[in-house]
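Thank you all for making time this morning.

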Amino acid sequence: MAAFWKSKSEPQPESLILPQHVGIIMDGNGRWAKKRGLPRKAGHTEGARTFRKIARYCSEIGIKYLTVYAFSTENWKRPEDEVGALMKLFDSYLKEAISDFKDDDIVVRFIGDKSSFSPELQALMIENEECSKDRDGMVLNIAMNYGSRDEIVRAVKNICSDVQNGKITEEQISEQLVSDYLYTAGQPDPDLIIRPSGEYRISNFMLWQSAYTEFVIMNKLWPDFQKSDMDEALRIYSQRNRRYGGV
């Protein structure tokens, strides 16, 4: 299927609506590897290549915000060797990204509890954010050690602390204020969340932010995900009638 948004400068068909913010649950790396008789870490390596390709494509076609689910708070429960392989992959990817993305107009942000990662990984995250902070293109949120329930609990604790310290009053607490205490503060809620692999679960991803998000489930494992699949998800989204609880 040919891409229908070739570039930011190319006019977009009136019938197709480009979402501002897209979330992707990058699912199916392990199953992709198992189908090929490969170790699970091979699936994660291939999934990282797909991530790089799709992130660039989203930037090229004019997506303003992209949030990808890279490693959840629950993923620590996986076998020790798989977690270790993921940490090595993150390390090599983040080192490469500093130079690999230097010519891309993409702002990189990491959301989640970074304190659980090694000092070396935390430093690489900071370096990637610093290198990209002055760019004015797509904001790429990489969710690392992220869980939406954990994010909400963290926000509630910080709100309570600020009430106790007199920074805000109880009367000021609103939906918008809660949003302002989340990792995605200042960003629009996702218009569209895509889940490859055919699983019908939200998996603790952006629970607060996705109250009125459109979901597209695709029966394709993440390492096999192509630009044409992104096009198809965007086509499906553009056909949805978003009523936000109204008529």
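Which residue in S2 is the bridge partner of Ile-24? It is Val-68. Before going further, let me say that this is a predicted model, in which local features need pLDDT of at least 70 and side-chain atom pairs count only at pLDDT 80 or more, while totals for chains, interfaces and linings use all residues. Residues are numbered from 1 along each chain as its sequence is written, and side-chain values use heavy atoms, with hydrogens and water left out.

When I speak of helices (H or I, at least four residues) and strands (E, at least two), I mean DSSP runs numbered from the N terminus; two strands pair if DSSP finds at least two bridges between them. Strand S1, residues 21–25, pairs with S2 in the parallel sense over five bridges, and S2 is also joined by seven bridges to strand S4, residues 138–146, again running parallel. On that side, Leu-66 stands opposite Leu-140 in S4. Strand S2 itself, residues 65–72, is mostly covered, since seven of its eight residues are buried, where buried means under 20% relative accessible area, exposed means over 50%, and partly exposed lies in between, with a 1.4 Å probe and protein chains only.

Let me turn to the largest pocket. A pocket here is an open set of points on a 1 Å grid over the protein atoms alone, with protein on both sides within 12 Å along at least five of seven lines, and its lining residues have an atom within 4 Å of a point. The lining comprises 33 residues, of which Met-26, Tyr-69, Ala-70, Asn-75 and Arg-78 lie nearest the centre. Helix H1 (29–35), helix H2 (40–61), S2, helix H3 (80–100) and S4 each supply at least two residues of that lining.

Now for the single residues. Asn-141 is found in strand S4 and counts as buried because its relative accessible area is 0%. Its side chain makes a polar contact, at 2.7 Å, with the side chain of Gln-187.

Finally, Ser-203 lies in the loop between strand S5 (192–196) and strand S6 (214–218), and Asn-204 lies in the loop between S5 and S6. Ser-203 has a positive phi of about 55° although it is not a glycine, and Asn-204 has one of about 65°. Ser-203 is partly exposed, at 28%, whereas Asn-204 is buried, at 14%.

Definitions and conventions. On a 1 Å grid over the protein atoms alone, a cavity is a set of points where a 1.4 Å probe fits but cannot get out, and a pocket is an open set with protein on both sides within 12 Å along at least five of seven lines; lining residues have an atom within 4 Å of a point. A polar contact is a pair of N or O atoms within 3.5 Å; within protein, one must be able to donate a hydrogen and the other to accept it, and residues adjacent in sequence count only if both atoms are side-chain atoms.
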